[in-house]
Amino acid sequence: MYEKLGTAAKYIQGIKQTTPTVGIVLGSGLGAFVDQIENTTVIPYSNIPFFRNTTVEGHEGRLILGQVGAVEVAVLQGRLHVYEGLPTEEIVFPVRTLATLGIETLILTNAAGGINFDYTPGDLVLIEDHLNMMGVNPLIGPNLNELGPRFPDMTLTYNPKLRSLMQEVAGKMDFNLKSGIYCALQGPTYETPAEIKMLRTLGADMVGMSTVPEAIAANHLGMKVCGVSCITNMAAGMKNVTLKHEDIKIEARKVMSRFSQLLTDSIKKMENLNE
Ligand code: HPA
């Protein structure tokens, strides 16, 4: 694994000599954020050694290298999911490659269903913590000691400094960035109304099918992680509607300009983020 990561990173460095400091993973329907990046180099996942291509509509499958202001970024436009039938170590391979490139700060984004009654579609919610209800963990198997410890602490998975930085940026933008607990399930089915009631009782504010494997792998690597969910719909049974991937992508696109500004302004402030 360690050698594979080195090979993938070397391939990327061969296309563009770069030392990115911030990594970003874009979720369903949120790929248009890449329009904010300057001096871009685009590398399809299919060209990068050991990267799997995404199979999901709304996930482009490209690594974008470039700049946001003075900050060098590497953006994963499109991610891999457990429901695609992939082993979790393949799902987190791109994030581990970003760490191999030297990235220490990671922003995870996703589309999620709102469970908290205070949310409405179009809300952006800062991930405060997560519930891993996927039944898998990317660190299962022999520990890769070169990457991190056998039993990583998960107390501060979503970095408090990054969270307050994003809250500050949202405040300047004059909108209320809510905060909540993200629950990840395997999918690919959306939840039943009974499952949503259960998740609410268990403390979940929003639900989705991603993010947690990458957050775990990044935390294992010692990266500073933050996450933003875009509430694209109220979760099953909360409104008198059924759920469709198409509608979720449309709703995500509607909040694109606020989402993009939150990310760009935050990234610019991450330049000098010290311990
Ligand atoms: N459930 C699971 N994943 C999702 C949802 C949802 O309601 N909305 C967007 N991703």
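**Exercise 1. Which residues of helix 3 are buried?**

Solution. The model is predicted, and a residue counts as buried when its relative accessible area is under 20%.
- Step 1: Helix 3 covers residues 93–100.
- Step 2: The residues of helix 3 that count as buried are Phe93, Pro94, Val95, Arg96, Thr97, Leu98 and Ala99.
- Step 3: Because seven of its eight residues are buried, helix 3 is largely enclosed by the rest of the structure.
- Step 4: After helix 3 comes Gly102, with a positive phi near 110 degrees.

**Exercise 2. List the residues that surround the ligand, and state which elements supply them.**

Solution. 
- Step 1: The ligand is surrounded by Ala111, Ala112, Gly113, Tyr190, Glu191, Val207, Gly208, Met209, Thr232, Asn233, Leu243 and Ile248.
- Step 2: The space that the ligand takes is the largest pocket.
- Step 3: Two or more residues of the shell come from each of strand 5 (105–114), strand 8 (206–208) and strand 9 (224–234).
- Step 4: Strand 5 contributes the most to the shell, with three residues.

**Exercise 3. Find the distances from nitrogen atoms of the ligand to N or O atoms of Ala111, Gly113 and Glu191, and say how much of the ligand the protein buries.**

Solution. 
- Step 1: At Ala111, a backbone N or O atom is 3.3 Å from a nitrogen atom of the ligand.
- Step 2: At Gly113, a backbone N or O atom is also 3.3 Å from a nitrogen atom of the ligand.
- Step 3: At Glu191, the atom belongs to the side chain, and this N or O atom lies 2.8 Å from a nitrogen atom of the ligand.
- Step 4: The ligand taken alone exposes 260 Å², and the protein buries 94% of that area.

**Exercise 4. Asn39 and Asp174 are residues other than glycine with a positive phi. Locate each one and decide whether it is buried or exposed.**

Solution. A residue counts as exposed when its relative accessible area is over 50%.
- Step 1: Asn39 has phi near 50 degrees and belongs to strand 2 (residues 38–44).
- Step 2: The relative accessible area of Asn39 is 53%, so Asn39 is exposed.
- Step 3: Asp174 has phi near 70 degrees and sits in the loop between helix 4 and strand 7.
- Step 4: The relative accessibility of Asp174 is 70%, so Asp174 counts as exposed.

**Exercise 5. Describe the loop that joins helix 4 to strand 7 at Asn176, and the loop that holds Pro188.**

Solution. 
- Step 1: Asn176 is in the loop between helix 4 (160–173) and strand 7 (178–184).
- Step 2: With a relative accessible area of 58%, Asn176 is exposed.
- Step 3: Asp123 is 53 residues from Asn176 along the chain, and their C-alpha atoms are 8.6 Å apart.
- Step 4: Pro188 is in the loop between strand 7 and helix 5 (193–201).
- Step 5: The peptide bond from Gly187 to Pro188 is cis, with omega near 0 degrees.

**Exercise 6. Where does Asp153 lie, and which side chain is joined to that of Asp153 by a polar contact of 2.7 Å?**

Solution. 
- Step 1: Asp153 is placed in the loop between strand 6 (124–132) and helix 4.
- Step 2: The relative accessibility of Asp153 is 53%, so this residue counts as exposed.
- Step 3: The side chain of Thr155 makes the 2.7 Å polar contact with the side chain of Asp153.

Note on methods:
Residues are numbered from 1 along each chain as its sequence is written. This is a predicted model: local features need pLDDT of at least 70, side-chain atom pairs count only at pLDDT 80 or more; totals for chains, interfaces and linings use all residues. Side-chain values use heavy atoms; hydrogens and water are left out. A residue is near a molecule or strand if one of its heavy atoms lies within 4 Å of it. A polar contact is a pair of N or O atoms within 3.5 Å; within protein, one must be able to donate a hydrogen and the other to accept it, and residues adjacent in sequence count only if both atoms are side-chain atoms. Accessible areas come from the Shrake-Rupley method with a 1.4 Å probe; for residues, only the protein chains shown count as cover. On a 1 Å grid over the protein atoms alone, a cavity is a set of points where a 1.4 Å probe fits but cannot get out, and a pocket is an open set with protein on both sides within 12 Å along at least five of seven lines; lining residues have an atom within 4 Å of a point. A molecule sits in a cavity or pocket if more than half of its atoms lie within 2 Å of its grid points. Helices (H or I, at least four residues) and strands (E, at least two) are DSSP runs, numbered from the N terminus. Buried means under 20% relative accessible area, exposed over 50%, partly exposed in between (1.4 Å probe, protein chains only).
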